[in-house]
Every structure is written in structure tokens, then in C-alpha cells.
Amino acid sequence: MMRQYELVDRVRKYNPDADEDLLNRAYVYAMKAHGAQKRASGDPFFSHPLEVAAILTDLKLDEATIVAAVLHDVIEDTESTREEIDALFGKEIGALVEGLTKLKKLDMVTARARQAENFRKLLLAVADDARVLLVKLADRLHNMRTLKHMPPVKRIRIAEETLDIYAPLAGRLGMQSMRDELEDLAFKQLMPEAHAMIVARLDELKVRNGPIIAKIEKELTELFAKRGVKAKVKGRQKQPYSIWRKMERKSIAFELLSDIYGFRILVPTVEDCYAAIGVAHTTWPTVPGRFKDYISTPKQNDYRSIHTTVIGPSSQRVELQIRTYDMHEVAEYGIAAHALYKDAPGSETSANESRAYRGLRRMIESLAEGENSEDFLEHTKLELFQDQVFCFTPKGRLIALPRGATAIDFAYAVHTDVGNSAVGCKINGRIAPLISELHNGDEVLIARAEGQTTPPAAWESVVVTGKARAAIRRATREAVRAQYSGLGREIVERAFKRAGRTFAEGKLKAALPRLARSSLEDVFVAVGRGEMYSGDVVRAIHPDFKDERAAGPVLAEGESGWFGLRKAAGLMFKRPGKGGEADSAIPIRGLRGDLPVRFAPKGGAVPGERIVGILTPGEGITIYPIHSPALTAFDDKPDLWLDVRWDIDSERKELYPTQIAVTALNEPGALGIIATTIGETGGNIDKIDFVPQASDFREMLIDLEVWDIKHLNTILSQLRGKSVVSKVERVSG
Ligand code: MN
């Protein structure tokens with residue numbers, strides 16, 4: 001643990017005028033306040049604020065910030081109060097410590113109003129003082145460095161939060177080295193294999209190329225000296241996380257990454273920067289599209305530098321970043337590079353104030369003008385967090401998502417199981433569709449259905465996060481397979497029964513090689529998909545089995561025609577994974593999209609009427625109303641017939657499309673009467689097509705949506721009762 005005099009020494013090294021007494025008093029006060037508290041590592045808790053302060057002394061921050069770092073956890077974790085801190089250390093430090101206490105609470109807020117309010121406090125605290133945010137980042141950095149002492153679940157949450165919120169924030173504030181370290185620690189935690197792979201590869205490169213960085217450094221230094229530019233050259237290997245991101249973003253292999261090495265060329269003046277780029281570009285071929293002049297056009301966070309990539313020394317592709325020493329300070333420490341000057345006596349604050357600091361202050365000012373908290377959130381999204389939205393779970397957990405994310409993305413961000421079982425949501429207490437785009441500060445409550453494990457396949461095209469997309473794809477694929485497998489098993493069992501043989505899994509297992517499949521599941525799926533004929537499965541065990549397919553359907557005595565056929569199909573199939581209860585026939589309607597059940601394209605079936613499923617090899621099951629003339633095409637294929645039925649959830653009613661043909665008098669108002677009649681009985685007209693015909697009558701085809709067969713029949717009889725209507729029929733495909 002850092003000693004009292006060490007803390008003073010660290011500050012004095014860069015700030016000889018530092019108030020030694022103040023630092024000493026803070027040290028003693030925090031030590032007493034935290035007393036015997038311990039960290040998860042078993043270390044005294046007090047070591048933590050000291051380490052945070054040490055990180056900030058490396059950034060050469062002013063003594064108020066350092067003292068605030070030493071005290072940052074006392075209000076939240078001990079008996080100390082703001083008043084006490086004000087009295088002992090002054091209002092400036094009191095405000096900083098309180099700002100940090102508020103930031104800490106952000107994770108624990110619940111109600112929406114309080115969230116917005118805290119968000120506001122958070123940023124207003126930054127407004128008076130960007131130093132609060134700097135302490136918060138240092139606090140996070142130390143927590144990340146000591147993450148291994150936390151339980152695994154907590155570790156992952158903290159690392160994700162770091163990658164989602166704090167590392168980008170450090171980047172926005174222009175603090176590159178802080179960002180690099182946060183990212184690297186989080187990356188190592190979240191993807192240990194990927195991290196280890198990249199580190200191993202980098203080591204390999206080091207062995208293969210030898211001291212290449214030192215060699216190129218020397219070559220560059222000599223070259224610039226020869227051409228009269230006084231430059232300090234510093235080479236470095238890119239960070240594992242930035243290499244990983246590049247591999248991911250461009251989906252390229254490590255071997256193909258060309259710029260693993262970067263070189264910084266530091267020069268005294270801006271003129272020297274342009275002289276240096278001149279030397280580089282007249283000496284080596286440049287890589288097109290890689291030249292960026294951030295000196296004439298600085299980045300928003302005040303970053304200034306000239307970037308170029310050349311096929312340079314030792315024939316390596318290297319990135320060069322050319323900047324002055326001052327620019328380098330800002331690039332490395334960002335806003336922290338300026339914070340020290342803020343209170344330095346005699347400094348011309350307005351002239352010296354960096355663009356980043358001014359930008360931050362402007363943002364805060366515009367925020368402070370917002371009337372209510374929601375206005376405030378609206379503003380913030382224009383500024384600090386342009387490409388992200390921050391939402392909350394009802395328990396106050398902060399979920400960061402990319403802009404455009406929906407409640408579905410939110411559900412998957414919380415947990416894959418939450419996403420897969422999501423059926424609805426409340427956004428800020430109001431029921432909303434799951435596809436709603438989320439906004440900053442939204443509190444999202446996901447409603448889940450017990451036992452639902454398969455999301456609608458269509459979600460895949462709605463979501464914006466990769467995590468959600470991958471999970472949906474996986475779940476749908478598994479569900480489709482389970483569906484085919486369940487269906488195939490029924491067909492196989494039935495084929496055995498028809499052949500007068502007993503179906504035994506063991507025997508079929510032994511016959512797998514003959515079917516060129518490696519598992520029973522594969523056989524069932526193949527049969528379910530129509531890729532394998534069930535008769536062939538029977539024959540694999542009983543080679544003497546004679547296929548009756550060619551002879552046409554065999555009907556029991558007394559059965560004939562449609563009815564007999566339908567009975568011969570005699571099969572009900574079950575919802576996958578639900579065992580065999582008879583009443584769990586598939587909710588046919590719920591299985592559109594990628595799932596293998598669909599409706600006949602014309603004259604679709606509606607609930608309440610008898611239906612039949614036809615297995616269409618390679619495509620799935622098509623549902624027809626039992627009276628459909630289209631069924632004659634399948635007369636000689638009994639294997640394809642499936643007796644299915646409705647499984648309608650009366651709680652979640654849905655409309656079903658159907659078509660009717662209406663013949664009406666060709667007189668004004670007739671159409672109005674028809675439309676009104678359908679509307680009054682609760683039907684929904686999608687489309688009306690007129691059959692061209694010059695006579696006293698008009699014939700039209702009406703596409704409409706109804707709840708069920710009863711509803712459809714009501715509409716039909718209501719229409720028949722109208723004097724302008726001469727004929728009404730349901731259209732069957
Ligand atoms: Mn802390």
C-alpha cells in the first residue's frame with residue numbers, strides 16, 4: 001500500500017506548489033473512514049482509493065482531483081457526509097466527491113424518472129468538472145486491474161460495461177492510453193482464447209522478425225536527421241484488442257493484417273510535421289487511402305496528428321503518426337492534459353482551454369438548458385453518445401446498445417434465454433411492440449412466455465446486434481430440425497404400423513448404415529423433410545416388405561372417398577419437446593416463416609374448419625381446408641397426408657386471410673353496402689378485385705381477414721341478407 005509520503009512525493013514531482021497538508025489530511029481521513037474494510041482480494045479497502053489516486057498522478061492532475069480520488073468512496077461506503085467533507089476539505093473537493101458518489105449510484109437506480117435525473121446529475125457533475133469523470137475512469141481502471149478477485153458473473157458484467165461504456169468514454173475524452181488499457185483488460189476477461197491467440201501470434205512475430213521495432217526506429221531517426229528534421233521516433237506494437245477488432249471488422253485472418261506496427265514521430269513544431277510527412281512520402285511508396293491530416297482538421301476530441309501508411313523501412317508496411325509534443329500530450333491524456341491548467345494560477349484559461357474541454361462545456365451548457373430530464377437525454381444523444389443508446393432494466397441495470405436497437409436486441413443483451421422467450425415488452429411502463437426502436441433512458445421490461453424457446457424467425461431481420469441475430473438463427477434452426485424430426489418419427493411409426501410390423505428403435509439403430517445416416521434423429525429429420533421415403537425405412541429392417549405406394553391407398557372396408565382417405569392419414573403431430581399429450585397439436589398458425597408449416601396459397605383455412613396437412617417433400621407441410629379441390633392431386637400419396645388440427649390460444653386471437661366471391665347488383669351504393677356489412681361484422685377487407693363484366697351484375701373477389709370459420713359464416717350470411725347481393729361464396733383453391 002502506498003505510504004503517505006509517497007503520495008505527496010508523486011504529486012510534488014510535477015506540481016511543486018501542491019498543498020502537502022491537504023494531501024496528508026485526506027490520506028489520514030480516508031484511512032480512518034474505511035477502517036478495517038477489506039476488498040474482495042483481502043487487501044485493506046483503503047489501498048483502492050490510493051491506487052486510483054496514483055493512476056491520476058501519472059496523468060499529472062491537480063491536487064483537488066487527487067484528493068477527490070483518495071476520498072471517492074467515503075460517502076458511499078462509510079459514515080462520512082458531504083457536509084463533513086466540505087468542512088474539512090472545502091466545497092470544491094466536496095463537490096467532486098459527491099459527483100463520484102452519484103455516478104456510483106447510477107448502477108442502482110430504478111424508476112425511470114430517477115434514472116433520467118441521475119443521468120443528468122452525472123453529466124452536470126462533469127459540467128462543473130470534467131475531473132469527476134477522470135476519477136471515475138481511474139476508479140474503473142483499478143477495478144479492472146484487480147478484477148480477478150471478483151466472482152465470475154460479476155467479472156463478466158464489469159468487463160462488458162467497461163467495453164461498452166467506459167473505454168469509449170475514455171476515447172471520446174481523447175485519453176488513448178486509458179482506453180487501450182481498459183479495452184485490453186476487458187478483452188482478456190471476455191474473450192480469453194482470442195486474447196491469448198493474438199498475444200501468442202505477436203510473440204511469434206517477435207521471434208521471427210527479431211528486434212524489428214528498434215531497427216525501424218533507428219532507420220527512421222537516421223533518415224529524418226539526414227533530411228534535417230529533428231524527430232523523436234517511437235515504435236509500438238498495436239494493442240491486442242485493436243488487432244482483434246480489425247480482424248473482426250474486416251473479417252481477415254491475423255496473417256493478413258498488415259499494420260501491426262505503428263510509429264510515432266514527434267517533432268517540435270507544426271511546420272516540422274509537414275516537413276516530416278514530406279520526407280516520408282518522398283522516400284517510400286504510400287498505401288493509398290491511408291493519409292489523414294488531423295492537424296488541419298482536428299477530430300472532435302481535439303486529437304491532432306498526421307497519419308500515413310508507407311511500404312517503408314525493411315519493406316514492412318508501417319503506419320506513421322506524425323505530431324508535435326504538445327499534440328502528443330493531448331492524444332495520450334486527452335482532457336486530462338488540460339485539467340491541470342484549469343486552476344493553475346496566472347494561466348490564460350480561455351486561450352489555453354482545449355477544444356475538447358470547450359466542447360464538453362458546451363455540451364453541458366446545452367444540457368443544463370433542457371427543461372426536463374427527457375429533454376436532457378435527447379440532447380445527450382446528440383453529443384457524447386452519438387452512436388449508442390443507454391437503456392435500463394427495471395432493476396436499474398444499464399444496457400448499452402447501438403443506435404437503432406430494438407427491444408428484442410435489449411432482451412438478448414440481457415440474456416439469450418430472455419430473448420428467446422420474449423413475447424412482449426413494456427417501455428417506460430407502457431405496452432409496446434418488441435420491434436420498437438429504443439431511446440436513451442428507456443426502461444424496458446421484457447415479458448416472457450414460460451417454456452417458449454423459439455423466437456419468430458422474422459426477428460432476425462429486425463435486430464441490429466450481432467448477438468441477437470446469431471441467437472435467433474441458432475434457435476430457429478434447432479426448432480425447425482426438432483419439428484421435422486418429430487414429424488418424421490410419426491411418419492415412420494405409422495409406416496411400420498401400416499406394414500404390420502413393430503417399430504423398435506434398437507432395430508432401426510442397427511440398420512442405420514443401410515440408410516446412410518448416422519443417427520435415428522437424422523433418419524427422422526430426413527423423412528420429415530421428405531428426403532427419405534418411410535417405406536425405405538421399413539425395408540431397411542424388413543427387406544421383404546413390399547411397398548404399397550404403387551398400388552394406391554388402401555382403405556378400410558366401408559371407407560371411401562375423401563373421408564376414408566382422411567381417416568387413413570390418421571396422424572396427429574405434436575409440438576416438439578412437449579411430450580405426447582394429445583391436446584398439444586401444433587398451433588398451426590404460429591409456425592410461419594422458416595418453419596415447415598404453411599397454408600395453401602389460395603382459399604386459406606380458417607380456425608374452426610377441418611383441415612388436412614400435406615407433406616410436400618423438401619418444403620414442409622401445407623395446410624388445406626378439407627373441402628379444397630386441390631387435395632385431389634394427392635389422392636394416390638397416402639404417406640403425405642397428415643391429420644392436423646388447430647391449436648388456437650383464445651387469449652391471443654389472430655386474424656386469418658381468406659377469400660370470398662360476391663355477385664352484386666351493378667348500382668350505386670352496392671359496394672358501400674357490402675363493405676359496411678363486412679366491417680360491421682368485424683371483418684377486415686384487404687383487397688377487392690372486380691371481375692370485368694358488362695352486365696347488370698358485378699362480380700368481385702374480396703380478400704378479407706376473419707377470426708375463424710364462425711366469423712366467416714356470419715359475414716357470408718349477413719351479405720346474403722342484403723338485397724343488392726345476389727350471390728356469395730367462399731373461394732377455395
Ligand atoms: Mn472505487
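Me: Why is Asp73 called buried?

Reply: Its relative accessibility is 3%, and buried means under 20% relative accessible area, with exposed over 50% and partly exposed in between (1.4 Å probe, protein chains only), so Asp73 counts as buried. Bear in mind that this is a predicted model, where local features need pLDDT of at least 70, side-chain atom pairs count only at pLDDT 80 or more, and totals for chains, interfaces and linings use all residues. Residues are numbered from 1 along each chain as its sequence is written, and side-chain values use heavy atoms, leaving out hydrogens and water.

Me: What makes His48 buried?

Reply: His48 has 2% relative accessibility, so it counts as buried.

Me: How do you know which atoms coordinate the manganese ion?

Reply: Donors are N, O and S atoms within 2.8 Å of the metal (3.2 Å for Na, K and Ca); water is not among the atoms, so sites may look incomplete. Here His48 (NE2), His72 (NE2), Asp73 (OD) and Asp139 (OD) sit at 2.2 to 2.4 Å, so they qualify. Along the chain, the donors are spaced H-x23-H-D-x65-D.

Me: Why are β4 and β5 called paired?

Reply: Pairing takes at least two DSSP bridges between two strands. β4 and β5 (residues 317-324) have 6, in the antiparallel sense, so they pair. Within that pairing, His307 stands opposite Gln321 in β5.

Technical notes
Helices (H or I, at least four residues) and strands (E, at least two) are DSSP runs, numbered from the N terminus.
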